[in-house]
Amino acid sequence: MHESERRLIAATLAAGERRSLTRRDVLRGLALGTGAVVAPSWLTACSASEPVGGTATEGSAGQPKRGGSLRMGAAGGGPSDSVDAHKPVTKPDIARVHQLYEPLLIRDNAFKLVPVVAESVEPNGDLTVWTARIREGITFHDGRPVRPEDVIASFLRITDPKDPKVGAQLLSFLDRNGMRKVDDRTVEFALERPSALFLDAISEYFQGIVPEDYNPEKPVGTGPFAFDSFDPGRQSVFSRNEEYWREGEPYVDELVIIDFTDDAARVNALISGQVEAIESLPYGQISVVEGDQNLTVLESKSGNWNPFTMRVDVEPFSDVRVRQALRLMVDRQELIEQVLVGHGSIGNDLYCPGDPCYNDSLPQREQDLEQAKSLLKAAGQEGLQVELVTSPVAQGIVEAAQVLAEQARGAGVDVKLRKVDTGVFYGDDYLSWPFAQDFWGTRSFLAQVAQGSLPTSPFNETHWADKDFVSLVESAEREGDEDKRCDLIQQAQEIEYDSGGHIIWGFVNLVDAYTKKISGLEPNVAGHALDRYGFRHAWFV
Amino acid sequence: MSVAEPGPIGNAIERVSGGQAPGLLRRSLAVGRTRAGLMITVLVVAVAVVGPFVAPASETGFVGAPYTPDAAGTVFGTDYLGRDVWSRFLYGGVSVLALSGLCTVIGVGVGLLVALLAGYSRTWVDELLMRTTDVLLAFPAIVLALLFLAVFEPQPATVVATVAAGHAPRVARVMRAAVLDVAGRDYVRAAESMGLRRWPIRLGDLLPNVTGPLMVETGLRLTYSVALVAGLGFLGLSGLEADQADWGLMINENRLGFTVQPWAVLLPVIAIGLLTVGTNLVADGIARAAAGTDREVGG
């Protein structure tokens, strides 16, 4: 299952259409999505901390040049792919959405919010009303200007209770009837409850602004590339948006996105010159690409994480000492070396290391087998035997389980691996496995908590419901002052650090590759491939 | 003269039930390809059986960075998770051999029973059993296996049952023809006329006289079992523990790094290839020797 598919289901759940996650939902998701990882970044940005480079137009290889057709190899995709602005599921879908559409705001490479379709978005004093001003002179691909009616229609479409889109759940606090046109370039949004998360909720790539009469069959947006043709599961073609609002961009005349479900085929396409850039270079192939002097590896840190999940409400993990012992028996660096071949950064059982509020005062947790053993002994669980449910739902998941099982032997814990099919994993028992794994994208802390760490969250794998934690998080979301909000968040993180149900051992680097014939792509911390599919500022050298 | 009649018939029964198998084995070994096949098979089996005891590193431990062909202290480098390829290879043969052996024994056993029952009943039992086999034969073995494993969670026992179930109807078909051929011979009639019951005749007269085809069939089924079990392992359906070494699984696990670290794929491929060729040569040798036997008897 794909991250955005998980959000799509969440949106459906929030809309009250379904009370529980059914197998059918998930299998439909599986049929749609084959990829892994990827996801958004919001609020204070849950990303790795080193923003690299400024705007890519000032990249290393001199002045940008115009012209050429750029072909990109995307990972996955299938016959149910779409070019819908608000329903991207597979990686090729996401790559296409980035070309065709733009949201009001977006996170730039340094993780600051920058205006895109909007010029500015401002809140009132208690965070209940937000006012957006539309960029002057911005037009859709068909030449019509962007009007407040289009903005309102876009958000009504996203939050449609009958057909909620990927971003609907994020906007659960939005009052659908409270959106108002103030003048020809100004829109007012009313919220049902105060929330500091509004800016992050609207700055996602899947919250694009489309015309009031939007037709996904003939997609129109404000993005750098306009729609040409689309053959689901095979390839899609886009042409340069001549009226694009960013001066001079895009540089290439045509962009072709080609689907490759097979990893080896994608790499071969790059090596043979069939495409200029590919996403998701398998770790095993990195040395092949590095050894080719015509190719470059593009590696980006991210906040994407693949935790082990222990349910805090069932034996033996209901005893906090068992959870602590398991966290102590993990050698995090070895996991990064063996599973990610070193392409990752170490975790401290906390998510969102890039969040400005991230609590980095907590000491890095290291492997301590003696301490782990004595905690298990104190809990009466010497020689503990547990079943770990694993499934190849994303790259490196099953591998991580194998490494964990090996490490557990050192603490006298027998971890039995039960490898199940992805359909079974996300089937009826998903979210009730006592000890399993999952994968998550890059988010801000509060946004992540809303998705997975509250009793009300759609994907609370660990059944985490600590009362103090919940009240700290609720206060933080209502808090307008950033310093005070950070203080609350850090307190909440300390509770998870001490007694949470996740084992978070590391964060995955994204590894992509392109030929040296093109330039302008930089590492990006947003957790999306190829500089967040930033082909608008790529050019042929 | 009538007094002398029982003599030859009695001799025939004695000669036949006196065991044709040892003689056939001896004659098979005289065929060059049997000897070559046997040597190859014994070699691979030895690697699989002795391997775990002589492996330099553990089955699951890490010895270096993933996909490093020249990792320090290793013969064939490391696999996709940084484990020793040579040790994984030495550990990984037992599962393939044990599973295919079991599949063969069970599959051939069941098939033989059906053949003996059907081939020597000449009633509706024969019809019922053979039409059922025809239905089962309509499914290719691998499709049947995938179907079963999609319904039941893959476990070694399920794999054995599935593959054996694929073999049984094929063995039954071939062996029934052999049984049918023998069932019409004089010594069987003689046994019947002596009032022997059906099962003693099946076991005492029919079975010893179909050992030739039976051994060929066993060798052939063993070859198919190896290929099928390794194939299911490749697809990750052999139901073994996720970190257990297995030749079929090794090929799948490491195929993405083939250009960088070919040994992790080549070693199991070579072993499985040799094993199938070896068992096939043995089966072929026995078939030739058995064909010779038939000529002797017929002549």
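Two residues count as being in contact when their C-beta atoms, placed from the backbone, lie within 7 Å. Keep that in mind for chain A: of its contacts with a separation of 6 or more, 74% are between residues 24 or more positions apart.

What you're looking at is a predicted model, where local features need pLDDT of at least 70, side-chain atom pairs count only at pLDDT 80 or more, and totals for chains, interfaces and linings use all residues. Residues are numbered from 1 along each chain as its sequence is written, while chains are lettered from A and ligands numbered from 1 in the order in which they are written.

Now for the inside. A nonpolar core is a set of buried Ala, Val, Leu, Ile, Met, Phe, Trp, Tyr and Cys residues joined through C-beta atoms within 7 Å. The largest one here has 145 residues, and M72(A), A325(A), M329(A) and L404(A) have the most contacts inside it. Helix α11 of chain A (residues 397-409) gives the most to this core, eight residues; a helix is a DSSP run of H or I, at least four residues, and a strand a run of E, at least two, numbered from the N terminus. Leaving aside neighbours within four places in sequence, M329(A) touches residues including Q367(A), L369(A) and V413(A).

For a contrast, find K218(A), in the loop between α5 (198-202) and β8 (225-231). K218(A) is exposed because it has 10 C-beta neighbours inside 10 Å.

Note on methods. A residue is buried if 20 or more other C-beta atoms lie within 10 Å of its own, exposed if 12 or fewer, and partly exposed in between; C-beta atoms are placed from the backbone.
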